[in-house]
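Hi there,

Here is the structure I promised to pass on to you. Please open it and keep it beside this email as you read.

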Amino acid sequence: MSAREFLEQLEGCLSRLPAEERENAMAYYREYFMEAGEDKEDEAAASLGSPQSVAERIINESEEALSEVVYREHEEENVQSAPVTEEKIDPAHTVLMILLIIISSPIWLAAFIVIIAFCFAIACVPVSLGVSSLAVLVQGIVEICTGEFGYAIMDIGSAAAIAGFVMLIWQPVFKLTGILEGSIKKFFKTAFNRRNK
Amino acid sequence: MFPISSALLDAMVLAIVSHEDTYGYKITQDMQEAVTISESTLYPVLRRLQKNGALDTFDQPYMGRNRRYYTITALGRAMLTQYRIDWAEHKEHIDSILKEELK
């Protein structure tokens with residue numbers, strides 16, 4: 001195949017590309033044949049393969065690049081739009097929100113205190129049990145020193161039992177208080193995010 | 001024998017152009033000295049690198065016609081540096097399995 005034939009067929013295969021892309025590729029391959037030299041045209045055309053396969057590679061690459069550009073633009077849009085909505089604070093809404101918080105304070109303040117007290121009470125159970133376990137342990141040690149071994153064994157055993165119980169309830173108790181804390185935070189977050197809408 | 005990935009093609013082309021401004025046909029020849037790639041491989045690679053801003057082109061008259069030269073941009077140099085680091089790491093990983101003596 002001569003260079004002219006090759007280039008003609010290639011141009012035909014690239015017809016679906018934008019004119020700029022097509023012209024760029026054509027210029028490249030025209031130059032390619034020039035560089036190979038007039039006497040080596042057929043050789044160069046043969047080593048390039050069929051114009052169809054050459055065109056296919058160009059089109060694949062160009063379409064990939066195109067979809068990448070579209071994707072990138074979308075990404076940029078998202079990045080730009082995200083912080084804008086969060087920064088939009090209407091001063092009138094803020095004033096209303098503060099008024100609402102003050103007016104409704106007898107309700108939410110009471111509820112808030114109840115929840116906090118509840119958390120505190122629950123957290124007190126393992127803490128007080130832990131302290132009493134320590135106290136009984138100390139008593140047991142004192143009893144060893146004074147020679148009351150019977151009482152000592154009983155006290156140290158009870159201390160171990162209480163400590164074991166504390167270890168058992170420790171995790172669930174703190175999970176429960178953690179959940180309550182999380183829901184309080186969530187409540188305030190949603191309450192404050194509303195003003196942005 | 002081993003397929004050349006498109007990232008590796010990008011890296012090799014960037015390395016060739018980073019040495020001196022050069023043209024498509026010459027880049028193909030240089031590449032073929034090192035690896036077996038088909039003649040039609042390079043245009044899409046050059047076009048992609050150009051669109052990404054890694055390469056720039058300029059035309060220079062040569063024997064009564066224009067020759068399109070490729071030149072590396074600052075972005076292209078940064079990409080090449082990263083490719084070199086990634087390649088060294090990749091090579092090390094493969095060698096850790098391939099090499100004869102035990103670790």
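Predicted model: local features only at pLDDT ≥ 70, side-chain atom pairs only at ≥ 80, totals over all residues.

Let's start with the contact between the chains. Chain B contributes 21 residues to it and chain A contributes 19 residues. Between them, the two chains bury about 2000 Å², and 48% of that lies on carbon and sulfur atoms. On the chain B side, the residues that lose the most area to chain A are Tyr25(B), Glu39(B) and Tyr43(B), which together make up 35% of what that side buries.

Charges and polar groups take part as well. There are 6 salt bridges between chain B and chain A. One of them joins Glu35(A) to Arg65(B), with the closest N and O atoms 3.3 Å apart. The two chains also have 10 residue pairs in polar contact.

Which element of chain B gives the most to the side that touches chain A? That is α3(B), with 8 residues. By class, the residues on this side of chain B split into 7 nonpolar, 7 polar and 7 charged.

Now look inside chain B, where α3(B) also packs against α1(B), at an angle of about 75 degrees and with the axes 10 Å apart. The two helices are therefore roughly perpendicular to each other. Among the residues that meet here are Leu9(B) and Val13(B) from α1(B), and Val45(B) and Leu49(B) from α3(B). This contact has 7 nonpolar, 1 polar and 2 charged residues.

Happy exploring, and write back with any questions!

Note on methods: Residues numbered from 1 in each chain as written. Chains lettered and ligands numbered in written order. Heavy atoms only, no water. Contact = heavy atoms within 4.5 Å. Buried area = accessible area lost by both parts, 1.4 Å probe. Salt bridge = Lys/Arg side-chain N within 4 Å of Asp/Glu carboxyl O. Polar contact = N/O pair within 3.5 Å; in protein donor to acceptor, adjacent residues only side chain to side chain. Helix = DSSP H or I, 4+ residues; strand = E, 2+ residues; numbered from the N terminus. Nonpolar A, V, L, I, M, F, W, Y, C, P; charged D, E, K, R; others polar. Axes fitted to C-alpha atoms, helices over the stretch in contact; angles between N-to-C directions. Parallel < 35°, antiparallel > 145°, perpendicular 65-115°, else oblique.
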